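Please have a look at the sequence and the structure first.

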Amino acid sequence: GSGDAPSGARLPKTRWLASKGGKRWTELFFLAYAGVWISIMGVIVATGVYERFEEWSYMAVGCVLALPYALGPLVLGGDHGR
């Protein structure tokens, strides 16, 4: 097509994740947990629970859902080799 590289040109490999070690483990953890918090928020919206929330309820839900991002890699570890 019109956007293809010229014949014989080498394109650099694109990496979505770090190649190894603790950084890769942390990236995979963040990606996996994203599905969890998105699902929880989906349940909150689908059931209408959010209609009963007050300011502090929103803050509590947000903090609880963010906690694994802050503590998960520290508590669960993973290979921290570089």
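Predicted model: local features only at pLDDT ≥ 70, side-chain atom pairs only at ≥ 80, totals over all residues.

Let me begin with a term: a residue is called buried when it has under 20% relative accessible area, exposed when it has over 50%, and partly exposed in between, with a 1.4 Å probe and protein chains only. Residues are numbered from 1 along each chain as its sequence is written, and side-chain values use heavy atoms, with hydrogens and water left out.

The protein chain holds two helices and zero strands, where helices (H or I, at least four residues) and strands (E, at least two) are DSSP runs numbered from the N terminus. Of its 82 residues, 15% count as buried.

Turning to H1, its buried residues are Gly21, Gly22, Thr26, Phe29, Tyr33 and Ile44, and these pack against H2, a contact being heavy atoms within 4.5 Å. The helix has 27 residues and reaches 40 Å from its first C-alpha to its last, close to the 39 Å expected at 1.5 Å a residue, the expected span being 1.5 Å times one less than the number of residues. Ile38 is also placed in H1, and it counts as partly exposed because its relative accessibility is 49%. After H1 comes Gly48, with a positive phi near 80 degrees.

Leu65 lies 27 residues from Ile38 in sequence, and the two are 9.4 Å apart in space, C-alpha to C-alpha.

H2 bends by about 40 degrees at Ala70, with Pro73 following within four residues; the bend at a residue is the angle between axes fitted to the seven residues ending there and the seven starting there. Just after H2, Gly77 takes a positive phi of about 85 degrees.

Val75 lies in H2, which covers residues 55-76, and at 65% relative accessibility it counts as exposed. Together with Leu67, Leu71, Leu74 and Leu76, Val75 forms a nonpolar patch on the surface, of about 540 Å² accessible area in total. Such patches are made of residues with over 30% relative accessible area and no salt bridge, like charges being joined within 9 Å and nonpolar side chains (Val, Leu, Ile, Met, Phe, Trp, Tyr) within 5 Å; a salt bridge is a side-chain nitrogen of Lys or Arg within 4 Å of a carboxyl oxygen of Asp or Glu. Accessible areas come from the Shrake-Rupley method with a 1.4 Å probe, and for residues only the protein chains shown count as cover.
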